[in-house]
Amino acid sequence: MMRHRNIRILSIRIATYNVNDRVPPSGTKELGPLVGHGQDDIIVVGLQEADLRSSSMLVSQGGDRAAAWEEAIFNGFGDNRDLYEKVELVQYVGVALFVFARSEIRTEIRRCETSSRGIGLLGFGGNKAGVAARMKIYDTTLERRRYDYYSLLNGLGFPAPTTTGGASQALEPYWPAKEGDMLRVDDSDVLLISDIEDSKSFIGFKEADINFRPTFKYVHGSVTLDPKRAPAYTDRILYKTRDTTVVPKSYKPDDLLWSDHLPLAGVYSLDAHVLDESKRSEQLVMAQCELDRLDELYRPSLDVVEGDLEFGEPVRRELTLKNNGRVPASFSFRTPSEGKPICQPWFWPTPFKGVVESGQELKIVVVADVDAESTLSLDVEKDMNVEEGKESFISLCGQFVPTTTGVALDLLPRLPGAIQKLPLATRKDLLGPAGDAREASTYSETGTPTKGKPPREIWRLLEHLMGVGEIPDLFTGTVPLDEALAVIDALDSGADIEGSPRAVAHALLLVLYKLPSPLIPKEVHVLCKIVMTRDEVYAIVEKIPGVNANVLIGVTSVVRLCSGDKVDDATVKALSMAVFGGPTSFMEPFVKALLEG
């Protein structure tokens with residue numbers, strides 16, 4: 001990711017100063033050495049105890065003191081004052097953090113964020129607090145925090161070491177207060193370094209080498225250490241890096257005698273990452289090319305192994321989905337638009353969605369059942385969506401051969417000839433809304449059945465069976481379906497019937513069973529369940545519409561003729577299924593009474 005970045009070395013100065021409630025004199029330029037006289041790219045100044053007024057412990061008293069310090073810092077820039085802009089100021093009562101940057105890089109600083117929190121009186125008072133600022137310069141993020149180390153260190157109590165060995169030797173333990181006198185130095189500096197090295201606190205932070213005298217505690221207005229307190233390194237600057245390089249250049253206090261602390265300043269060299277747009281564009285193009293290559297290599301891929309689907313009766317065919325890709329492929333059949341089903345009503349794939357593992361196959365079963373109403377929507381192309389992969393299209397095409405199977409009984413007599421020889425416009429007229437109205441008109445407005453012509457196709461079957469005579473198990477024996485369909489095809493085309501008697505008998509039952517409305521209308525089914533006598537049977541037949549009644553009487557007569565003196569129960573059940581349009585165990589007595597005539 002560094003290949004499209006250049007490095008710009010920035011100089012960052014960080015200063016920390018416990019001002020002990022001091023307000024800088026108006027117009028002072030004494031902060032010049034502390035802020036480097038405006039020689040660095042970014043200058044950060046952290047102040048502690050900037051406001052110790054009792055009224056400020058819980059409620060901020062405004063920003064007048066912060067404004068005074070800001071003016072003093074700008075004055076410290078000297079002749080370079082106009083070269084700087086304030087980037088951020090974050091303050092929590094007596095703790096304040098100022099960030100300044102040269103105007104030439106100010107536009108490269110963005111995403112500035114600040115945060116603050118009090119940890120003093122009652123857990124949130126302003127006498128002890130922490131503030132933080134974070135920003136992004138070029139492509140590098142900077143974060144500056146000012147914790148109240150003074151509060152934390154004074155809250156830790158340790159007995160004075162009894163020997164000069166161990167960690168205390170990491171730094172000269174004594175510092176002269178004046179010539180001839182020696183004062184013990186607080187060992188907090190060694191403890192902090194030890195904690196960092198042992199990952200007990202400030203994990204990942206670093207500090208420049210300490211090669212200067214303690215910064216606390218001094219007699220106000222002098223460089224004399226207070227003999228009542230052990231000298232201590234309570235003012236520290238820690239830094240932490242990530243994905244960049246920071247090199248300390250200097251780390252020392254300044255002889256500014258405004259407080260009982262000395263201000264401390266560190267100068268650091270930062271390798272800022274600068275985005276090279278031209279290199280970035282090149283890298284983006286290369287990355288996109290590589291992504292395209294990997295996308296093509298690992299894109300889910302399904303090959304559809306297709307087969308022919310022949311329609312007529314409901315058929316079941318299998319398609320094979322084979323995953324030739326290197327990753328699992330999720331597929332689903334896409335809907336043509338929101339709220340619509342994924343398929344035409346005459347076919348359905350199962351499953352319609354799923355996952356195929358790499359190198360594996362999955363069988364999709366397509367069940368199709370095409371009738372006369374489906375002939376106008378046979379040609380269809382289904383879109384099978386492969387998630388994050390290429391789409392596949394499965395085409396289902398067919399040429400519908402018109403058949404009398406499934407055509408309303410009262411419409412058959414209206415056909416001027418064999419149905420396969422009729423123009424499409426004629427068939428559409430018969431199957432359209434007008435045809436539905438004619439089918440519904442089998443009863444008059446008074447509820448009595450209307451008369452109708454006998455359908456030619458059914459009478460051809462009956463006449464053929466009448467010429468065969470008596471044959472055992474004619475309607476119940478086993479017959480291949482294609483033989484029965486061949487008989488129906490002869491009816492549809494007007495050709496001679498050449499099938500076996502059993503094929504003709506089964507074709508008759510199939511034509512009756514596939515009628516849109518049962519031969520015996522549903523309106524009289526309830527009456528058929530309670531029939532008891534022969535007279536009751538014929539009373540019900542009188543209630544059946546004319547064309548249906550004529551066909552029913554003709555069929556029962558032919559079945560009785562071909563079955564001999566006694567009609568077996570299997571024949572009764574087969575005929576009941578055909579004339580009632582489904583399983584009707586309670587209505588078989590009605591059919592049996594008809595056959596016994």
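Here is a walk through the structure, from the overall build to a few local spots.

What you have is a predicted model, in which local features need pLDDT of at least 70, side-chain atom pairs count only at pLDDT 80 or more, and totals for chains, interfaces and linings use all residues. Residues are numbered from 1 along each chain as its sequence is written, and side-chain values use heavy atoms, with hydrogens and water left out.

Let's begin with the whole protein. Its secondary structure comes to 15 helices and 19 strands; helices (H or I, at least four residues) and strands (E, at least two) are DSSP runs, numbered from the N terminus. Of the 597 residues, 44% are buried. Here buried means under 20% relative accessible area, exposed means over 50%, and partly exposed is in between (1.4 Å probe, protein chains only). A contact is a pair of heavy atoms within 4.5 Å, and 67% of the contacts between residues at least 6 apart in sequence join residues at least 24 apart. The protein exposes about 31400 Å², with 51% of that supplied by carbon and sulfur atoms; areas come from the Shrake-Rupley method with a 1.4 Å probe, and for residues only the protein chains shown count as cover.

Now to helix H1, which covers residues 64-76. Asparagine 75 sits in this helix and is buried, at a relative accessible area of 13%. Its neighbours are Gly27, Thr28, Lys29 and Arg81, leaving aside residues up to four places away in sequence.

In one, the side chains of glutamate 70 and lysine 86 meet at 3.2 Å, N to O. This pair links distant parts of the chain, 16 residues apart, with glutamate 70 in helix H1 and lysine 86 in strand S3 (residues 84-92). Glutamate 70 is buried at 18%, while lysine 86 counts as partly exposed at 34%. Elsewhere, Asp21, Asp51 and Arg65 are linked in a network of salt bridges.

Further along comes the loop between helix H4 (188-197) and strand S10 (246-253), where lysine 217 is found. The peptide bond from phenylalanine 216 to lysine 217 is cis, with omega near 5°. What about glutamate 207 and arginine 236, buried or exposed? Both are buried, and they form a salt bridge whose closest N and O atoms are 2.8 Å apart. Arginine 213 and aspartate 255 pair up too, in a salt bridge at 2.4 Å, N to O. That pair is 42 residues apart, with arginine 213 in the loop between H4 and S10 and aspartate 255 in the loop between S10 and strand S11 (264-275). Aspartate 255 is exposed at 51%, whereas arginine 213 is partly exposed at 24%.

Most residues other than glycine have a negative phi, and most peptide bonds are trans. Arginine 111 has a positive phi, near 55°; it is in strand S5 (residues 109-118) and is exposed at 59%. Aspartate 473 has a phi near 55° as well, in the loop between helix H8 (456-466) and helix H9 (481-493), and is partly exposed at 42%.

Finally, turn to helix H12 (residues 534-541), where Val537, Ile540 and Val541 are buried. They cover an arc of only 105° around the axis, so they are on the same side of H12; the arc is that of the directions from the helix axis to the C-beta atoms. The buried residues of H12 pack against H11, helix H13 (546-563) and helix H15 (588-596). Leucine 527 belongs to H11 (residues 525-529) and is partly exposed, with a relative accessible area of 30%.

Key:
Salt bridge = Lys/Arg side-chain N within 4 Å of Asp/Glu carboxyl O.
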